[in-house]
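Hi there,

Here is the structure I promised to send over. Have a look at it first, then read my notes below.

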Amino acid sequence: MQQDSNSSQRLEVVVGGDEGFARLDRVLAVRCPALSRSRLKALILAGAVTVKDAPVRDPAYHVKGGDTITIDVPEAVPAEPEAEDIALDIVFEDDDIIVIDKPKGLVVHPAAGHETGTLVNALIAHCGPSLSGIGGVKRPGIVHRLDKDTTGLMVIAKNDQAHQSLSAQFADHGRTGEMRRGYMAFAWGVPNRQRGTVEAPIDRHPYAREKMAVRDGGREAVTHWEVQETFAGRDGNPIASLVACQLETGRTHQIRVHLAHIGHPLMGDSVYGPHFKTKATHLAPKSRAALIALDRQALHAYLLVLEHPRSGEILHWESPLPEDLLLLQNTLRAAL
């Protein structure tokens with residue numbers, strides 16, 4: 001094994017004859033004891049491991065005797081997120097809470113592959129060190145989150161009292177209080193009725209661990225939906241709809257999973273709607289171009305209603321569709 005002298009490391013392993021046809025992750029676990037199995041898996045999935053100079057992203061890949069494996073281990077990062085000067089679109093702020101309109105591409109909190117450039121890094125810079133003790137080291141003040149490429153309204157707690165109050169409100173999701181979260185979703189197809197509710201438990205996908213799925217025995221998940229607008233394709237037949245969704249629970253990827261479950265995955269969702277990708281050929285040319293330019297799931301958190309953690313006042317915010325979704329909507333309308 002070789003190692004360079006830089007702050008980052010490049011490790012090199014030559015597979016022995018008795019290791020041939022073994023799994024890549026198992027060979028590395030034995031030959032690189034300084035790296036944990038979870039760290040090795042993350043490096044493989046991130047493309048930091050090459051076999052014979054070609055990246056291999058499958059931990060179960062079977063190596064051969066004599067193969068040269070190279071591992072690029074990035075420089076270690078601090079355990080606590082650092083402040084970063086990242087612009088925030090702030091729609092409300094006082095001593096207790098801050099509400100932002102999150103853009104696409106912004107990860108909420110640090111995780112493997114996204115240690116910097118997150119909302120948390122921006123919040124620490126904006127609010128100062130007082131935020132760092134609220135809600136955990138890597139999630140200071142965060143009581144809910146939006147996927148990286150979902151846009152819209154988010155609230156963050158600025159002190160422990162606010163964190164406890166907001167956490168309770170999000171756990172209740174308006175069952176007994178005033179909390180409401182509304183989303184606008186552009187979905188493939190048109191549901192056969194105007195409104196409905198999806199009650200289907202959600203858990204990790206049994207095979208694709210980065211995905212969620214409707215599964216018996218999963219956590220309760222309830223989504224209320226209502227069709228706002230329908231759109232036709234270039235042949236004049238219905239092809240898509242704008243659906244308003246409200247959450248009664250807050251599961252990971254809930255709207256994306258639930259709409260796909262009823263046969264109407266989000267436009268642009270490569271994780272839960274890949275089989276609908278060919279439907280784009282039935283869109284009018286400008287709509288198809290807008291969808292390609294979108295390059296993300298067509299989901300926006302447009303509504304947030306909550307009780308202020310200190311005053312008890314009911315606060316209400318709405319966010320208009322961002323430019324990319326507005327363009328999609330306008331081109332879909334123009335096809336009618």
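**What I found**

F92 is partly exposed, with a relative accessible area of 24%. Keep in mind as you read that this is a predicted model.

Let's stay with F92 for a moment, since it has a partner. The structure holds two aromatic pairs. In one of them, F92 and W317 come together in a tilted arrangement, with 5.4 Å from centre to centre and 55 degrees between the planes. F92 sits in strand 5 (residues 90-93) and W317 in strand 15 (residues 314-318), so this pair ties together parts that are 225 residues apart in sequence. And is W317 buried or exposed? W317 counts as buried, because its relative accessibility is 11% and the cut-off for buried is under 20%. F92, at 24%, is over that cut-off, so F92 ends up as partly exposed instead.

Now for the other pair. F186 and F231 are stacked, at 6.2 Å centre to centre and with 20 degrees between the planes. You'll find F186 in strand 8 (residues 180-188) and F231 in strand 12 (residues 222-232), so here the parts tied together are 45 residues apart in sequence.

On to the helices. Two packed helices are described by the angle between their axes and the distance between the axes. For helix 6 (residues 285-294) and helix 7 (residues 323-334), the angle is about 165 degrees and the axes are 8 Å apart. The crossing of helix 6 past helix 7 is left-handed.

If you want to see who does the touching, click on these:

- From helix 6: K286, S287, A290, L291 and L294
- From helix 7: D324, L325, L327, L328, T331 and L332

Sorted by class, that contact has seven nonpolar, two polar and two charged residues.

One last stop: Q169, which is found in helix 4 (residues 160-172). Q169 is buried, with a relative accessible area of 13%. Which residues does Q169 touch, leaving aside those up to four places away in sequence? They are G174, M179, L306 and E307.

Cheers

Key
Residues are numbered from 1 along each chain as its sequence is written. This is a predicted model: local features need pLDDT of at least 70, side-chain atom pairs count only at pLDDT 80 or more; totals for chains, interfaces and linings use all residues. Side-chain values use heavy atoms; hydrogens and water are left out. Axes are lines fitted to C-alpha atoms, for helices over the stretch in contact, and angles run from 0 to 180 degrees between N-to-C directions. Helices (H or I, at least four residues) and strands (E, at least two) are DSSP runs, numbered from the N terminus. A crossing is left-handed if the near helix is turned anticlockwise from the far one by less than a right angle, and right-handed if clockwise. Contact means heavy atoms within 4.5 Å. Ala, Val, Leu, Ile, Met, Phe, Trp, Tyr, Cys and Pro count as nonpolar, Asp, Glu, Lys and Arg as charged, and the others, Gly among them, as polar. Buried means under 20% relative accessible area, exposed over 50%, partly exposed in between (1.4 Å probe, protein chains only). Rings of Phe, Tyr and Trp (its six-membered ring) pair if their centres lie within 6.5 Å; planes under 30 degrees apart count as stacked, over 60 as edge-to-face and the rest as tilted.
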